[in-house]
Amino acid sequence: KKENKNNKMKITTVFEEKLLGTGATLMENRYFFEDSTGFLIHGDNLTDFNLSELLKAHRNKKENCLLTMLTFNSNKPDQCGIVETDEYGVLKGFHEKVKNPPSNKANAAIYAFDYDLINFISNLKTKKIDFSKDIIPNLLGRIQTHHTEKILIDIGTIESLKKANIVWSKEL
């Protein structure tokens, strides 16, 4: 466990010897989020999105929503979790890495949440908790989305990291 403090926020990082998965990692570290808003961010994303925008959207979410999800337009929608939303931006459908998805509006795997989400996950009847497979489908109608046009690149493979370096160097 390592902490990094500045005048605006405290960031704590945790190393896992054995990867637990996104939802299980969140639950293992749930005490970090008592009485505060938290962010869950997949580590293989590269973006210049300002998280304060997501925090503002989360504070203005529909009352019944437990989570605010950042979305973006993907040029490879069959390799992403594709979202369908209602007229208020609330998630009504989710398609995780399917062939011929209904759109290119994708889950950016960057979320804002309060402790109510932790309580919800605690009540799920599964020990294996993958965020995209076990949590998001159980929260249809309870996830507020916030869309960005900012760059968002998956850097989870050597090839995509190389492409991201090229794209990012052109943007700077």
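These notebook entries record what I looked up in a predicted model.

**Entry 1: aromatic pairs.** I searched the whole structure for aromatic pairs and found four. One of them joins Phe33 and Phe113 in an edge-to-face arrangement, with 4.8 Å centre to centre and 65° between the planes. I then located the two partners: Phe33 lies in the loop between helix H1 (22-28) and strand S3 (38-41), and Phe113 belongs to strand S8 (residues 105-113). The pair thus links distant parts of the chain, 80 residues apart. I checked burial for both. Phe33 counts as buried because its relative accessibility is 13%, and Phe113 counts as buried because its value is 0%.

**Entry 2: a tilted pair.** I next examined Tyr111 and Phe131, which form a tilted aromatic pair at 4.7 Å centre to centre, with 45° between the planes. Tyr111 is in strand S8 and Phe131 in helix H4 (residues 131-135), so I noted another link between distant parts of the chain, here 20 residues apart. Tyr111 has 0% relative accessibility and therefore counts as buried; Phe131, with a relative accessible area of 1%, is buried.

**Entry 3: cluster and charge.** I recorded one aromatic cluster formed by Tyr31, Phe32, Phe33 and Phe113. I also looked at Tyr88 and found the charged end of Lys62 over its ring, 4.0 Å from the ring centre.

**Entry 4: Ser160.** I placed Ser160 in helix H5 (residues 158-171).

Terms used. Residues are numbered from 1 along each chain as its sequence is written. This is a predicted model: local features need pLDDT of at least 70, side-chain atom pairs count only at pLDDT 80 or more; totals for chains, interfaces and linings use all residues. Side-chain values use heavy atoms; hydrogens and water are left out. Helices (H or I, at least four residues) and strands (E, at least two) are DSSP runs, numbered from the N terminus. Rings of Phe, Tyr and Trp (its six-membered ring) pair if their centres lie within 6.5 Å; planes under 30 degrees apart count as stacked, over 60 as edge-to-face and the rest as tilted. Buried means under 20% relative accessible area, exposed over 50%, partly exposed in between (1.4 Å probe, protein chains only). A charge sits over a ring if NZ of Lys or CZ of Arg is within 6 Å of the ring centre and within 35 degrees of the ring normal.
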